[in-house]
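Please look over the sequence and the model below, and then read on.

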Amino acid sequence: MKYVVVYDISDTKRRNKVSKLLSSYGMRVQFSCFEIEASLSGVKRIEKEISEIIDHDTDRVFIFPISRYVIDMVQKFGVVKELNESTVL
């Protein structure tokens with residue numbers, strides 16, 4: 001399944017760690033937004049890893065599942081790269 005992960009992390013060190021982590025799982029589509037393809041166990045692993053990095057009192061991370069039906073309805077404009085299906089966790 002595809003997921004969109006967005007975050008608001010004020011501390012640069014933590015933000016860079018989360019960015020690097022998510023880069024290893026998917027593709028950056030905006031500054032604080034990644035598109036990843038992962039199994040349920042893969043996304044649980046990502047959740048755990050992010051949880052160990054962030055400050056739960058100040059940081060925010062949202063992981064939105066995107067169904068195949070919704071993916072077909074997504075409209076993309078400008079320079080758009082597609083996530084390679086071979087990167088599935």
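How much accessible surface does the protein chain have, and what share of that surface belongs to carbon and sulfur atoms? The accessible surface of the protein chain comes to about 6,100 Å², and carbon and sulfur atoms account for 56% of that surface.

## Overall make-up

The model shown here is a predicted one. The protein chain holds three helices and four strands, and, when the chain is followed from the N terminus, these elements come in the order β-α-β-β-α-β-α.

Of the 89 residues in the protein chain, 30% are buried. Among the contacts in the protein chain with a separation of 6 or more, 74% are between residues 24 or more positions apart.

## The packing of H1 and H2

Two packed helices are described by the angle between their axes and the distance between the axes. For helix H1, which covers residues 12-23, and helix H2, which covers residues 40-53, the angle is about 165° and the axes lie 10 Å apart. Because angles over 145 degrees count as roughly antiparallel, H1 is roughly antiparallel to H2. The crossing in which H1 passes H2 is right-handed.

Which residues bring the two helices into contact? On the H1 side they are Arg14, Lys17, Val18, Leu21 and Leu22, and these meet Ile46, Glu49, Ile50 and Ile53 on the H2 side. Sorted by kind, the residues of this contact of H1 with H2 comprise six nonpolar and three charged residues, with no polar ones.

## Asp8 in strand S1

Asp8 belongs to strand S1, which covers residues 2-8.

When residues up to four places away in sequence are not counted, Asp8 touches Thr58, Asp59 and Arg60. Asp8 and Asp59 are 51 residues apart along the chain, while their C-alpha atoms are separated by 5.9 Å.

## Tyr25 between H1 and S2

Tyr25 is found in the loop between H1 and strand S2, the latter covering residues 26-30. With a relative accessible area of 10%, Tyr25 is buried, because buried means a relative accessible area under 20%.

Tyr25 and Ile46 are 21 residues apart in sequence, and the distance between them, taken from C-alpha to C-alpha, is 8.4 Å. Ile46 is also one of the H2 residues that meet H1.

Definitions and conventions: Residues are numbered from 1 along each chain as its sequence is written. This is a predicted model: local features need pLDDT of at least 70, side-chain atom pairs count only at pLDDT 80 or more; totals for chains, interfaces and linings use all residues. Side-chain values use heavy atoms; hydrogens and water are left out. Buried means under 20% relative accessible area, exposed over 50%, partly exposed in between (1.4 Å probe, protein chains only). Contact means heavy atoms within 4.5 Å. Accessible areas come from the Shrake-Rupley method with a 1.4 Å probe; for residues, only the protein chains shown count as cover. Axes are lines fitted to C-alpha atoms, for helices over the stretch in contact, and angles run from 0 to 180 degrees between N-to-C directions. Angles under 35 degrees count as roughly parallel, over 145 as roughly antiparallel, 65 to 115 as roughly perpendicular and the rest as oblique. A crossing is left-handed if the near helix is turned anticlockwise from the far one by less than a right angle, and right-handed if clockwise. Ala, Val, Leu, Ile, Met, Phe, Trp, Tyr, Cys and Pro count as nonpolar, Asp, Glu, Lys and Arg as charged, and the others, Gly among them, as polar.
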